[in-house]
Amino acid sequence: MFLEELEQEEKIAFFELAAMIARIDGKLSIYENSLLKKYQRETGLEDYQLKGLSIEDILKEFKSERSKYIVLTEIFQLIYSDGVFHDHESEFVHIIKTHFGFDSSEFGTFKDWVEKIKELSVTKREH
């Protein structure tokens, strides 16, 4: 949705992060795979080969508040795409939240907002 606003290095870091999170539970759902392909198109990284960057190397690329919010919005969309919020995904979100410096109340409000967006998109698909 907002990935085109990221700098090139941030786009690469985001795609590395998204691929890491999509595979965190050991399997890639069709929903997660579909979103990864959408992310590649949106970022212009259709031919990008994953490098397997570390979470630390990935997260240090996002410096502005706006890019951090964009990353979290898209990552939550990915996490909720299969309808399940796994423990491993929760741990990753905690790492991201801590690295980005979001406090718990700000993060909780943001998470609630993303969940509402997800509910709207599910309702839209059912009609």
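Me: A salt bridge is a side-chain nitrogen of Lys or Arg within 4 Å of a carboxyl oxygen of Asp or Glu. Which side chain does K68 meet in a salt bridge?

Reply: The partner of K68 is E65, at 3.9 Å from N to O. Before we go on, please note that this is a predicted model: local features need pLDDT of at least 70, side-chain atom pairs count only at pLDDT 80 or more, and totals for chains, interfaces and linings use all residues. Residues are numbered from 1 along each chain as its sequence is written, and side-chain values use heavy atoms, with hydrogens and water left out.

Me: Where in the structure do K68 and E65 sit?

Reply: Helices here are DSSP runs (H or I, at least four residues), numbered from the N terminus. K68 and E65 are 3 residues apart in helix 4, which separates them by about one helical turn.

Me: Is K68 buried or exposed?

Reply: Buried means under 20% relative accessible area, exposed over 50%, and partly exposed in between (1.4 Å probe, protein chains only). K68 has 11% relative accessibility and so counts as buried, while E65, at 44%, counts as partly exposed.

Me: How many salt bridges does the structure hold?

Reply: There are 4 salt bridges. One of them joins E5 to R66, with 2.6 Å between the closest N and O atoms. E5 lies in the segment before helix 1 and R66 in helix 4, so this pair ties together parts that are 61 residues apart in sequence. E5 is partly exposed at 38% relative accessibility, and R66 is partly exposed at 49%. Another salt bridge brings together the side chains of E42 and K38, at 3.3 Å from N to O. Both lie in helix 2, 4 residues apart, about one turn of the helix. K38 counts as partly exposed, at 26% relative accessibility.

Me: What span should helix 2 have?

Reply: The expected span of a helix is 1.5 Å times one less than its number of residues. Helix 2 (residues 30–43) has 14 residues and should span 20 Å; its end C-alpha atoms are 20 Å apart, which agrees.

Me: Which residues of helix 2 are buried?

Reply: They are E32, L35, L36, Y39, Q40, E42 and T43. They cover an arc of only 165° around the axis, which puts them on the same side of helix 2. That arc is taken from the directions from the helix axis to the C-beta atoms. I30 and R41 are exposed on the other side of helix 2.

Me: What covers the buried residues of helix 2?

Reply: The cover includes helix 1 (8–22), helix 4 (65–80) and helix 5 (87–100). Look just after helix 2 as well, where G44 takes a positive phi of about 75°.

Me: Why is helix 1 described as largely enclosed?

Reply: Because 11 of its 15 residues are buried, helix 1 is largely enclosed by the rest of the structure. Among them are F14, F15, L17, A18 and I21. The buried residues of helix 1 pack against helix 2, helix 3, helix 4 and helix 5.

Me: Which residues touch the most other members of the largest nonpolar core?

Reply: A nonpolar core is a set of buried Ala, Val, Leu, Ile, Met, Phe, Trp, Tyr and Cys residues joined through side-chain atoms within 4.5 Å. The largest one has 31 residues, and F14, L17, I21, Y39, I75 and F100 touch the most other members. Helix 1, helix 2, helix 3 (55–59), helix 4 and helix 5 each supply at least two residues of this core. Helix 4 gives the most, with 8 residues.

Me: What is I75 in contact with?

Reply: Contact means heavy atoms within 4.5 Å. Leaving aside neighbours within four places in sequence, I75 is in contact with F14, L17, A18 and I21.

Me: Where in the protein chain is confidence lowest, and where is it highest?

Reply: pLDDT is the predictor's confidence in each residue, from 0 to 100. Confidence is lowest in helix 6 (residues 104–126), with a mean of 61, and highest in helix 1, at 96. For the protein chain the mean is 85, and 83% of residues reach 70 or more. Over residues 123–127 pLDDT stays under 50, and there the model has 1 contact beyond four places in sequence.
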